[in-house]
Amino acid sequence: APYDPEHVNDYELGWKGTMLDGHLQTALGGYWMNYQAMQQVVYNPTIGEAGEIVNLGSSTLRGIEASVNARVGGLGVNFNGSYEKSSLSNITTVAAYALPPGTTNQPQCAVGQSAGCFDYTPYEVNIAGESDIFAPELQGTLALDYRIPVGNGTLDPKVQYSYTAKQYASLFQIPYYEMGARHIYSAYLTYDVGHWDTEAYITNFTNEIYLSGNNGGTVFYGA
């Protein structure tokens with residue numbers, strides 16, 4: 001069936017500054033978004049089929065973002081972080097994951113009907129207040145590097161830590177769709193000469209096993 005476009009009204013207020021003769025750059029911002037007519041794939045009880053796109057409802061996203069970039073001599077410190085709180089409106093939909101086998105292609109029973117149909121009413125779930133899909137509350141990256149003059153160029157070793165809080169791959173926030181928090185450590189070694197640079201790197205050097213995607217229970221692992 002046809003569905004309407006989505007609309008997002010985004011209001012932001014922020015501040016950027018440079019201090020200590022340019023050695024310190026900072027930014028701080030806040031935002032409030034009204035996400036209207038969200039297009040979501042749902043289970044349609046009228047015809048008993050999954051995969052229909054509808055304008056399910058709206059959600060509100062509120063958050064703050066901050067960054068700090070500093071360099072004193074050869075030492076550099078870079079931080080970027082954000083906190084976001086999202087909440088869905090008063091939305092009720094069928095929890096398709098909980099349906100018993102054999103209910104597919106069975107329409108919702110009419111009043112007094114008991115054969116050739118299925119009553120989806122007990123499987124309807126109100127998800128008001130839940131967070132949006134793929135919307136972790138906390139994210140952040142901290143990197144430290146130190147530039148060392150070598151020959152005609154600069155050798156720049158860097159270590160980096162990234163954190164992403166848990167998030168969900170579905171509107172139904174149950175463990176089946178949860179993508180846990182992840183801690184990623186990486187290291188880089190860059191050599192700059194004039195307009196050229198050469199870099200060696202290793203990402204996730206602690207070999208943390210984490211999910212980078214979840215499509216209805218089919219999971220994808222990070223590198």
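Student: In the hairpin of β12 and β13, which residue takes a positive phi, and how many residues lie between the strands?

Tutor: G194 takes a positive phi near 60 degrees, and the hairpin has two residues between its strands. Keep in mind that this is a predicted model.

Student: What makes β12 and β13 count as paired?

Tutor: Pairing asks for at least two bridges. β12 and β13 (residues 196-203) have eight, in the antiparallel sense, so they count as a pair. One of the bridges links T190 to E199 in β13.

Student: How do you know that β9 is paired with β12?

Tutor: The same test applies, with at least two bridges required. Eleven bridges join β9 (residues 153-164) to β12 (residues 182-193), so the two strands pair, and they run antiparallel. For T154, the bridge partner in β12 is D192.

Student: Now to S131. Why is S131 called buried?

Tutor: Buried means under 20% relative accessible area. S131 has 18%, so the word buried applies. S131 lies in the loop between β6 and β7 (138-146).

Student: Which residues does S131 contact, leaving aside its neighbours within four places in sequence?

Tutor: They are S86, L88 and Q173.

Student: What makes the link between S131 and Q173 a polar contact?

Tutor: The cut-off for a pair of N or O atoms is 3.5 Å. The side chains of S131 and Q173 make their polar contact at 2.6 Å, so the distance is within that cut-off.

Student: Why is D119 called partly exposed?

Tutor: Partly exposed covers the range between the 20% limit for buried and the 50% limit for exposed. The relative accessible area of D119 is 37%, so D119 falls in that range. D119 is placed in the loop between β5 (92-94) and β6 (124-126).

Student: How do you know that D119 has polar contacts through its side chain?

Tutor: Again the cut-off is 3.5 Å. The side chain of D119 meets the side chain of Q108 at 3.1 Å, and a contact of 2.8 Å joins the side chains of D119 and T121. Both distances are within 3.5 Å, so they pass the distance test. Not counting residues up to four places away in sequence, D119 touches Q108 and C109.

Student: What is the distance between the C-alpha atoms of D119 and Q106?

Tutor: It is 9.1 Å, for two residues that are 13 residues apart along the chain.

Student: Which classes of residue make up the lining of the largest pocket?

Tutor: The lining has 13 nonpolar, seven polar and no charged residues. In all, 20 residues line this pocket, and V41, V42, A169, S170 and F172 lie nearest its centre. Its space is about 450 Å³. The largest share of the lining, four residues, comes from β2.

Student: What makes up the lining of the second largest pocket, by class?

Tutor: There are four nonpolar, five polar and five charged residues in the lining of the second largest pocket. About 210 Å³ of space lies in this pocket. Of its 14 lining residues, the closest to the centre are S131, A135, E137, K166 and Y168.

Student: Why do E137 and K166 count as charged?

Tutor: Glu and Lys belong to the charged class. E137 is a Glu and K166 a Lys, so both of these lining residues count as charged.

Student: Which strand gives the largest share of the lining of the second largest pocket?

Tutor: β4 does, with three residues. Both β4 (75-88) and β10 (167-168) supply at least two residues.

Terms used:
Residues are numbered from 1 along each chain as its sequence is written. This is a predicted model: local features need pLDDT of at least 70, side-chain atom pairs count only at pLDDT 80 or more; totals for chains, interfaces and linings use all residues. Side-chain values use heavy atoms; hydrogens and water are left out. Buried means under 20% relative accessible area, exposed over 50%, partly exposed in between (1.4 Å probe, protein chains only). Contact means heavy atoms within 4.5 Å. A polar contact is a pair of N or O atoms within 3.5 Å; within protein, one must be able to donate a hydrogen and the other to accept it, and residues adjacent in sequence count only if both atoms are side-chain atoms. On a 1 Å grid over the protein atoms alone, a cavity is a set of points where a 1.4 Å probe fits but cannot get out, and a pocket is an open set with protein on both sides within 12 Å along at least five of seven lines; lining residues have an atom within 4 Å of a point. Grid points are joined across faces, edges and corners, and a volume is the space filled by probe spheres set on the points.
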